[in-house]
Amino acid sequence: MAVVRHAWSFLDKQSAKRVQFGQLLQLYQAQNHPRVLTREKKQETIYNDFESCLGLRAQGGYISEDSFIQYYADINATLPAEKDDYFVDIVLKTWGLNNEKAIVSPQRVEEIENIIFEKVR
């Protein structure tokens, strides 16, 4: 879910832990969804699915960080484990992000710090 947190940090520039739902709709790039790119689905279908599913989580016109993460957790839960790269593509491409920047979870950073610490000792 590190990729989802990465996307959220891109969207929540003020670190308010919530973003206007309308702003998310404006930024969402359904045309870059992997299924649109392979012509399995139409852009409008992907966009409408996103709008209706995430819209159910909106409160007062805002989406909270927790709701955003849960939305993507639900999507990820429907995919087989071997589809992790596909999930990352969905998240990054639909928000106009790329995976040139390494996305490392805080747990992995801690593991690496511990390895380095042991080597330096």
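Predicted model: local features only at pLDDT ≥ 70, side-chain atom pairs only at ≥ 80, totals over all residues.

Before I name any element, let me say that helices here are DSSP runs of H or I with at least four residues, numbered from the N terminus.

Leu25 counts as buried, because its relative accessibility is 13% and the cut-off for buried is under 20%. Gly55 and Gln31 are 24 residues apart in sequence, and their C-alpha atoms are 19 Å apart in space.

Let me turn now to the charged pairs. In general, side chains of opposite charge can pair when their charged atoms come close. How many salt bridges does a search of the whole structure find? It finds three.

One of them joins Glu65 and Lys17, with the closest N and O atoms 3.2 Å apart. Glu65 belongs to helix 5, whereas Lys17 sits in the loop between helix 1 and strand 1, so this pair ties together parts that are 48 residues apart in sequence. Glu65 is buried, at 17% relative accessible area, while Lys17 is exposed, at 54%.

Another salt bridge links Asp74 with Arg57, and here the closest N and O atoms are 2.4 Å apart. Asp74 is in helix 5 and Arg57 in the loop between helix 4 and strand 2, so parts that are 17 residues apart in sequence are tied together. Asp74 is partly exposed at 33% relative accessibility, and Arg57 is partly exposed at 23%.

There is also a salt bridge between Arg35 and Glu40, whose closest N and O atoms are 3.8 Å apart.

Next comes the largest pocket, which holds about 380 Å³ of space. It is lined by 17 residues, and those closest to its centre are His33, Asp49, Tyr71, Ile75 and Ile90. Helix 4, helix 5 and helix 6 each supply at least two residues of this lining, which by class has 10 nonpolar, two polar and five charged residues.

Finally, on the surface, Ile112, Ile116 and Val120 form a nonpolar patch that has about 280 Å² of accessible area together. Of these residues, Ile116 has its place in helix 7, which runs over residues 106–120.

How values were computed:
Residues numbered from 1 in each chain as written. Heavy atoms only, no water. 1 Å grid on protein atoms, 1.4 Å probe; cavity = no way out; pocket = protein on both sides within 12 Å on 5 of 7 lines; lining within 4 Å. Points joined across faces, edges and corners; volume = space filled by probe spheres on them. Nonpolar A, V, L, I, M, F, W, Y, C, P; charged D, E, K, R; others polar. Patch = residues over 30% accessible without salt bridge, like charges linked within 9 Å, V, L, I, M, F, W, Y side chains within 5 Å. Areas by Shrake-Rupley, 256 points an atom, 1.4 Å probe, with all protein chains shown as cover. Salt bridge = Lys/Arg side-chain N within 4 Å of Asp/Glu carboxyl O. Buried < 20%, exposed > 50% of the residue type's maximum accessible area, 1.4 Å probe, protein only.
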